[in-house]
Amino acid sequence: MSLEVLWRYAPALIGGFGVTVMCWSLGAAIGLAVGLALTLLNRLDFAPLRWLIRACVETIRGTPFLMQLFLLYAGGPFIGLKLSATAAGIIGLGAYSSAYFSEIFRAGFASVPQGQTEAAVSVGMPPVHIFWRITLPTALVATVPAIVNMLVILSKETVVLSIITVPELMYQMQTMAAETFTAFDAIFAMAIFYWLLVEAVSRVGRRLETRLTAYMSAEASRA
Amino acid sequence: MRPEIVLHSLGYLLQAAGVTIALSLAGIALGFAIGALVCAGRVSRNRALARGAAFYVSFFRGVPLLVQLLFIYYFLAEYGLDVPALVAAIGGLGLSSGAYQAEILRGALNAVPAGQAEAAVALGFSGLEIWRRILLPQALRISAPPLINEFILLLKASSLVSVVGIAELTRVSMNIASMTYRPFEAYLSGGLIYLVINLCLAGFGLYAERRLASGRA
């Protein structure tokens with residue numbers, strides 16, 4: 001592949017990368033919000049709701065992401081859900097990751113040492129304060145490594161969106177490859193690009209982890 | 001909803017599910033062989049070997065599987081190698097899974113208490129015997145539950161092979177969707193089959209975990 005080809009397609013590729021980052025960040029934001037909401041709902045002591053959430057989470061975790069995307073994008077219109085490819089991609093990423101994030105948050109809450117809540121009760125904190133000032137912050141910090149890991153996994157899943165024609169980086173790269181007969185070079189460049197991206201994100205994530213978990217008790221950080 | 005469409009093509013779907021399972025089994029087996037080699041490289045005292053193995057893990061865990069699969073296809077086409085699509089797909093799944101399995105095995109080896117190898121040395125076991133009789137049996141036992149988990153992940157990842165035209169569960173669901181114009185029913189039933197397979201695997205994983213935990217020091 002000549003650099004001239006890359007230069008000619010640079011605007012499309014950069015635009016594609018923009019779409020990738022947008023899908024990734026919006027999907028992750030939806031997934032984090034819904035995942036946390038599911039975990040909090042799960043903590044309400046209401047059995048039917050817990051079963052329902054469990055069933056949803058297991059269904060999403062037990063089926064391939066590609067299948068979920070097809071069901072949402074191609075099957076959606078049959079149940080009155082018409083979405084553009086990009087919207088379906090973002091909602092799909094959000095729904096998919098929410099199941100994993102909710103499991104991560106569940107483990108995070110479970111890792112908060114019992115003694116901390118007991119101590120808060122004994123100094124007379126009201127339950128709402130205990131939740132906001134003790135349980136929630138400790139649980140969230142304990143989940144940082146797992147969340148970073150999931151964000152990295154999610155960044156790789158965005159590639160799958162190209163199959164339902166979301167115009168992200170992989171899609172633009174394949175368009176370029178088809179128009180200029182540079183399939184091998186294009187996919188080689190993609191592999192190197194994603195490898196560097198994932199390595200960079202992982203490094204930043206590890207930095208963040210050490211910063212955020214610096215003041216955790218050894219007991220809680222073993223989540 | 002028109003369930004008769006699904007019932008009509010249930011035979012195709014089940015056959016495709018068989019292909020998916022076979023594909024994943026072959027992928028996990030190849031991945032285990034690669035993973036064992038890469039793990040051996042990572043724990044070896046040879047600097048270059050350890051570096052190479054670490055690079056392998058980093059690369060195959062960092063590049064999205066879809067990119068890896070297409071890379072293998074275009075690579076074979078570029079150099080005019082005539083390899084059946086199925087073989088290339090299994091190769092792709094195995095190469096990727098090998099990186100994950102190498103890390104699982106390495107974690108399991110690290111989980112065997114160091115005192116055991118030391119005790120074996122003190123008792124006069126040879127190096128090979130320590131591996132064969134002390135380290136490997138325990139490491140394999142520890143790694144069984146995460147390996148079953150990896151199998152579930154690989155089975156889901158095998159849906160990406162549909163993109164290169166192998167008639168596994170996802171591809172056949174796509175075909176049924178486009179033949180009947182009922183994508184909702186087609187993908188729903190395909191997804192349900194994946195779910196049933198994975199729930200069985202997860203159940204088996206729990207059973208194995210309980211069995212293996214019972215005899216542990």
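Colleague: Which residues of H8(A) meet residues of H3(B), and what makes two residues count as being in contact?
Modeller: From H8(A) come A:Tyr194, A:Trp195, A:Val198 and A:Glu199, and they meet B:Ser58, B:Phe59 and B:Gly62 in H3(B); residues are said to be in contact if their C-beta atoms, placed from the backbone, lie within 7 Å. By class, the residues of this contact are four nonpolar, two polar and one charged, where Ala, Val, Leu, Ile, Met, Phe, Trp, Tyr, Cys and Pro count as nonpolar, Asp, Glu, Lys and Arg as charged, and the others, Gly among them, as polar. Please keep in mind that this is a predicted model, in which local features need pLDDT of at least 70 and side-chain atom pairs count only at pLDDT 80 or more, while totals for chains, interfaces and linings use all residues. Residues are numbered from 1 along each chain as its sequence is written, and chains are lettered from A and ligands numbered from 1 in the order in which they are written.

Colleague: Why is H8(A) called roughly perpendicular to H3(B)?
Modeller: The axes of H8(A), residues 183–212, and H3(B) come within 8 Å and cross at roughly 100°. That angle makes the two helices roughly perpendicular, because 65 to 115 degrees carries that name, with under 35 being roughly parallel, over 145 roughly antiparallel and the rest oblique. The axes are lines fitted to C-alpha atoms, for helices over the stretch in contact, and angles run from 0 to 180 degrees between N-to-C directions.

Colleague: How many residues does each chain give to the contact as a whole, and which element of chain B gives the largest share?
Modeller: Chain B gives 28 residues and chain A gives 26. On the side of chain B, helices H3 (47–62), H4 (65–78), H8 (169–180) and H9 (183–214) each give two or more residues, and the largest share, 10 residues, comes from H9(B).

Colleague: How do you know that the length of H8(B) agrees with that of a helix?
Modeller: Its 12 residues should span 16 Å at 1.5 Å a residue, and its end C-alpha atoms are 16 Å apart, which agrees; the expected span is 1.5 Å times one less than the number of residues.

Colleague: What makes a residue of H8(B) buried, and which ones are?
Modeller: A residue is buried if 20 or more other C-beta atoms, placed from the backbone, lie within 10 Å of its own, exposed if 12 or fewer, and partly exposed in between. The buried residues of H8(B) are B:Leu169, B:Thr170, B:Arg171, B:Val172, B:Ser173, B:Met174, B:Ile176 and B:Ala177.

Notes:
Helix = DSSP H or I, 4+ residues; strand = E, 2+ residues; numbered from the N terminus.
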